There are 2 protein chains.
Amino acid sequence: MERILATYRITAGESESRVRAEALAAEQSVEMPVAAIDDPRVLTEVLAQVRAIRPHAGDFEVVLAIAPETTGGEASQLANMLFGNCSLQPEVELVDVELPDGYQKAFPGPRFGIDGIRRLAGVEGRALTCTALKPQGTPVARLAELARTFALAGIDVVKDDHGIANQAYGPFAERVPAVQKAIHQANRETGGRTLYAPTFSGGPRALLDQAHIAKDCGVQLALVAPMLVGLPAFVELQVELDVPLVAHPAFAGAGRIAPPLLLGKLFRLLGADATIFPNHGGRFSYSKATCLGIAEAARKPWLGLRATLPVPAGGMTVERVPEMLAGYGKDSMLLIGGGLLSAKGKLLEKSREFVTAVRS
Amino acid sequence: MERILATYRITAGESESRVRAEALAAEQSVEMPVAAIDDPRVLTEVLAQVRAIRPHAGDFEVVLAIAPETTGGEASQLANMLFGNCSLQPEVELVDVELPDGYQKAFPGPRFGIDGIRRLAGVEGRALTCTALKPQGTPVARLAELARTFALAGIDVVKDDHGIANQAYGPFAERVPAVQKAIHQANRETGGRTLYAPTFSGGPRALLDQAHIAKDCGVQLALVAPMLVGLPAFVELQVELDVPLVAHPAFAGAGRIAPPLLLGKLFRLLGADATIFPNHGGRFSYSKATCLGIAEAARKPWLGLRATLPVPAGGMTVERVPEMLAGYGKDSMLLIGGGLLSAKGKLLEKSREFVTAVRS
């Protein structure tokens, strides 16, 4: 199989670029002095190779060719080979990764993708709408009431705030059936198909328990933060849960891994059917280019994997809907949380305004 | 219960410090405009509070008081509350965390700690020695031979290189029993007690399988990278594996979380009995102060938790042993990997040199 091509940006003078590139190749593969390796097979088949060195804005970029076999076809070891040790070197940034065709077969990729989410939500030819139940600490009955209001307004997806986890004041086992029931009831009244995406969190055992509870009450979507539960646990959750996974970026921005690569490509490879990211001009500082880069990485034809639905979010408002639609197009899901809840007593009206703005 | 106190450093002008601090408090708890919250219980019991704002080197530090209940007493949600969304804000760094007494009871903490590792290794009154099997891709028989040599030399702990995972060219199920057998055999010959720490990696199912294999062949130590397998999976692994856990920092350096906090305190809280970190003056750029800070966080009396063994590593050599011992003292484990393997044909002699340097 061809090699994995990983591009790193290194903040260092170009004069040392060759030495740094070779050191990085050793660090990310054999992790020992190359001169001390006798085994020719290790040198040719295991050691990463420097494929290119090119100047970039005063610093330089290095392309390493990493042997796919070294990743064991598994998420934690893939992350390790790409950015394990060099995550500890602040001058190194992981910019992009190209996978050889065939490599993706070891990973699930999106099981539903954009088309699958559209089918579940019964939405064709337009962007989807999404909102969040907030804040954590709100009694379960009130969360169910909020969910009902959003569903009556015709919002396509109602997700838990990602901070609503499995706290004593709203345990998953109590909260999720109650909220799902309220949404089912509203759907029956309106003939709509609003979907609920509860937050899955915790260790492998907790995730398994949550999967069973969710199945039992007919949950059709799941919200998970891959970097919080762990990349390989995210992959395994897909097996347990026969519903689309919405990836949340919490804990994912700390890394010096380019957001289009992590939130777009890698989450897609690992099975995210939708990916939430902080839109430009909100509470976060991602640039417009970064955000469009995430959307592109999520949707573009890539290794035959299904497309992942981009979900711009983070301090968005109904007023920005036209601009967001112009930027992301119809194969996206617009997420407005606090911007709706701020309407307080007029929540239903504000939610309908959001729905209308996206539909028209 | 008292609140969790989390200190953040924010790269922004002091004039905006109050506004930024309040915004951070909302972001890391209710994640919505505070003005839109009606529930007085949420405002008093769930919303994080700004406890202090103080200037720091041109920028400022903010201390947030986070309600312990919001973390659900669980690793992924603790990480979420501390650094979930604000990981996406590049101007925010997580500097330190103080936990209220009693909070730690939801977490395992080290089950063995320094004393437990000492008992297993039969080492009192001196620092421990550690080396690594490298490089990945080396045939299993050769890895077993290397392990035997290290054990004959009297090195206390032989760990897998963390890049030796579960690849096709050396599957865990084949490699670990073979290496453990070689070490057992060498121990019988020398009367020594060298311990083997294989790398555990992959998803929850794979970790469980590996735990069974390791138990069956008498493995007494485990190497795990918490940020690769996921923090909550790391916690659960402790339950499966009744042996000390050696935490590896791979994928952990990318975050803007202070290393003494993440590799020292948090890994300790989650159950690390030993913690590997890149020593200053090696291949990584951590300062001496950072490294001593990690060692201090790992060992100092804290909430009644057992002490975690600090393991400085990363390009160390036998020549540096006296200086490392002077810096870290006897409650540490010195890890030299490539520095021994570079001796090639004289590996046994070089390893003995290392052992002698630490013992004398």
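Me: Is C217(B) buried or exposed, and how do I read that off a percentage?

Reply: You set the relative accessibility against a cut-off: under 20% means buried. This is a predicted model, by the way, so treat each value as computed from the predicted coordinates. C217(B) comes in at 18% relative accessibility, so it counts as buried. C217(A) is buried too, with 17%.

Me: How many disulfides does the rule find over all chains?

Reply: Here you check the separation of the cysteine sulfurs, and the pair has to be within 2.5 Å. Over all chains the count is zero. Take C217(B): the closest cysteine sulfur belongs to C130(B) and sits 18 Å away, so the gap is too far for a bond. What about chain A? The sulfur of C217(A) has C130(A) as its closest cysteine partner, again at 18 Å, and that is too far for a bond.

Me: On to the interface. How many residues does each chain bring to the contact?

Reply: Start with the head count, then look at area. Chain A contributes 77 residues and chain B contributes 77 residues. Between them the two chains bury about 6100 Å², with 56% of that on carbon and sulfur atoms. Within chain A's buried area, E31(A), L88(A) and F251(A) account for 12%, more than any other three residues.

Me: And how many salt bridges cross between chain A and chain B?

Reply: For these you want a Lys or Arg nitrogen within 4 Å of an Asp or Glu carboxyl oxygen. Eight of them span the interface. One to click on is E31(A) with K134(B), whose closest N and O atoms are 3.7 Å apart.

Me: Which helices of chain A supply at least two residues to the side that touches chain B?

Reply: Helix 2 (40-45), helix 3 (75-83), helix 7 (204-216), helix 8 (226-229), helix 9 (231-240) and helix 13 (338-341) of chain A each do that. Helix 3 of chain A gives the largest share, six residues. By type, that side of chain A splits into 35 nonpolar, 26 polar and 16 charged residues.

Me: For contrast, is K105(A) buried or exposed?

Reply: The cut-off at the other end is over 50%. K105(A), at 70% relative accessibility, counts as exposed. You'll find K105(A) in the loop between strand 4 (92-98) and helix 4 (113-121) of chain A. Compare sequence with space as well: K105(A) and G304(A) are 199 residues apart along the chain, but their C-alpha atoms are 9.9 Å apart.

Me: Back to salt bridges, over all chains this time. What is the count, and which pairs are worth a look?

Reply: The total is 44. R111(A) is in the loop between strand 4 and helix 4 of chain A, and D242(A) is in the loop between helix 9 and strand 10 (245-247), so the pair ties together parts 131 residues apart in sequence. R111(A) is partly exposed at 32%, while D242(A) is exposed at 52%.

Me: Now K134(A) and D161(A): are they buried or exposed?

Reply: K134(A) is buried at 7%, and D161(A) is buried at 0%. Their salt bridge has its closest N and O atoms 3.8 Å apart. K134(A) sits in the loop between strand 5 (128-133) and helix 5 (140-153), and D161(A) in the loop between strand 6 (157-160) and helix 6 (172-190), 27 residues apart.

Key: Residues numbered from 1 in each chain as written. Chains lettered and ligands numbered in written order. Predicted model: local features only at pLDDT ≥ 70, side-chain atom pairs only at ≥ 80, totals over all residues. Heavy atoms only, no water. Contact = heavy atoms within 4.5 Å. Buried area = accessible area lost by both parts, 1.4 Å probe. Salt bridge = Lys/Arg side-chain N within 4 Å of Asp/Glu carboxyl O. Helix = DSSP H or I, 4+ residues; strand = E, 2+ residues; numbered from the N terminus. Nonpolar A, V, L, I, M, F, W, Y, C, P; charged D, E, K, R; others polar. Buried < 20%, exposed > 50% of the residue type's maximum accessible area, 1.4 Å probe, protein only.
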